[in-house]
Amino acid sequence: MEKLIITAAICGAEVTKEHNPSVPYTVEEIANEAYEAYKAGASIIHLHVRYDDGTPTQDAKRFEECMKAIYAKCPDVIIQPSTGGAVGMTNDERLQPITLNPEMATLDCGTCNFGGDEIFVNTENMIIDFAEKMNARGIKPEIEVFDKGMIDSAIRLNKKGYIKSPMHFDFVMGVNGGISGTPRDLIFMAESIPQGSTWMVAGVGRFEFPLASMAIIMGGHVRVGFEDNVYLSKGVVAKSNGELVAKVVRLAKELGREVATPNEARAILGLAPKA
Ligand code: KMH
Ligand code: ZN
């Protein structure tokens with residue numbers, strides 16, 4: 001089985017220091033959390049950024065500052081900015097980090113409820129526009145899907161040439177409005193993507209580690225981090241994203257799966273190696 005890629009989603013746009021005081025806001029906090037995750041075994045940092053007061057932003061300058069600070073500590077890590085941003089942001093606002101030409105960025109492939117009155121909007125024309133802009137810059141999309149129908153949308157856009165093969169999917173499971181996080185759900189998602197695609201799972205809240213364990217066994221890849229879950233185990237708040245990554249590394253070891261370095265992750269995902 002190929003080595004396991006671990007992504008750390010260190011910050012997100014919705015979780016706050018009230019949920020967990022270690023959620024990073026400042027450039028220094030973001031770089032430190034990325035470093036803790038990288039040291040523990042993460043090869044990809046899924047990046048959202050905040051202003052110092054915690055407000056989420058897609059500002060390119062803020063992304064640039066954070067990316068520089070992360071590379072200073074983790075020179076070979078893959079940084080994957082979010083183009084999802086926070087609910088309610090405009091398309092242009094969301095797309096700003098791609099102007100920095102990162103190796104990867106997320107491409108959210110459908111609209112879904114996000115709890116309460118929140119709606120995370122990704123119309124078909126938006127997905128096409130985001131995909132074309134990423135293609136023009138040679139950025140590999142991580143296709144974020146919150147439900148099975150979003151896989152079908154990505155496949156349709158792949159057939160029309162807007163999303164290139166091989167596709168790399170991230171199944172975000174357990175969002176209040178998307179697919180749940182049962183074993184049956186994950187098997188259904190994994191069996192629904194085209195041959196030759198790669199996938200990872202981001203289990204939200206209590207689904208994080210059960211789904212990570214399944215992905216390790218099934219040959220998928222894993223995303224953990226404060227964006228999705230702030231607990232190390234029931235009732236125990238994680239002190240850092242590094243603790244969450246370290247738990248996945250322990251699970252992988254017990255289950256006999258080796259963990260990929262950043263360049264090994266690049267090879268699996270078809271990205272150019274970094275010297
Ligand atoms: N913050 C969510 C509304 C992504 O990074 O592409 C969207 C999100 C997806 O986190
Ligand atoms: Zn995100």
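The structure is a predicted model, in which local features need pLDDT of at least 70, side-chain atom pairs count only at pLDDT 80 or more, and totals for chains, interfaces and linings use all residues. Residues are numbered from 1 along each chain as its sequence is written, and side-chain values use heavy atoms, with hydrogens and water left out.

The peptide bond between S165 and P166 is cis, with an omega of about -10°. P166 sits in the loop that links helix α5 (148-159) to strand β10 (168-173); helices (H or I, at least four residues) and strands (E, at least two) are DSSP runs, numbered from the N terminus. N101 is not a glycine, yet its phi is positive, at about 50°. This residue belongs to the loop between α3 (91-95) and β6 (104-108). N101 counts as partly exposed because its relative accessibility is 44%, where buried means under 20% relative accessible area, exposed over 50%, and partly exposed in between (1.4 Å probe, protein chains only).

M218, found in helix α7 (residues 208-218), is partly exposed, as its relative accessible area is 33%.

A pocket is an open set of points on a 1 Å grid over the protein atoms alone, where a 1.4 Å probe fits, with protein on both sides within 12 Å along at least five of seven lines; lining residues have an atom within 4 Å of a point. The largest pocket holds about 580 Å³ of space. Its lining has 28 residues, and E14, F114, V204, E227 and D228 are the closest to its centre. By class, this lining has 12 nonpolar, 10 polar and 6 charged residues.

The second largest pocket holds about 280 Å³. Of its 20 lining residues, G138, I139, K140, P141 and L271 are the closest to the centre. Strand β9 (140-145) and helix α9 (262-269) each supply at least two residues of this lining, and the largest share, 3 residues, comes from β9.

Notes:
Chains lettered and ligands numbered in written order. Points joined across faces, edges and corners; volume = space filled by probe spheres on them. Nonpolar A, V, L, I, M, F, W, Y, C, P; charged D, E, K, R; others polar.
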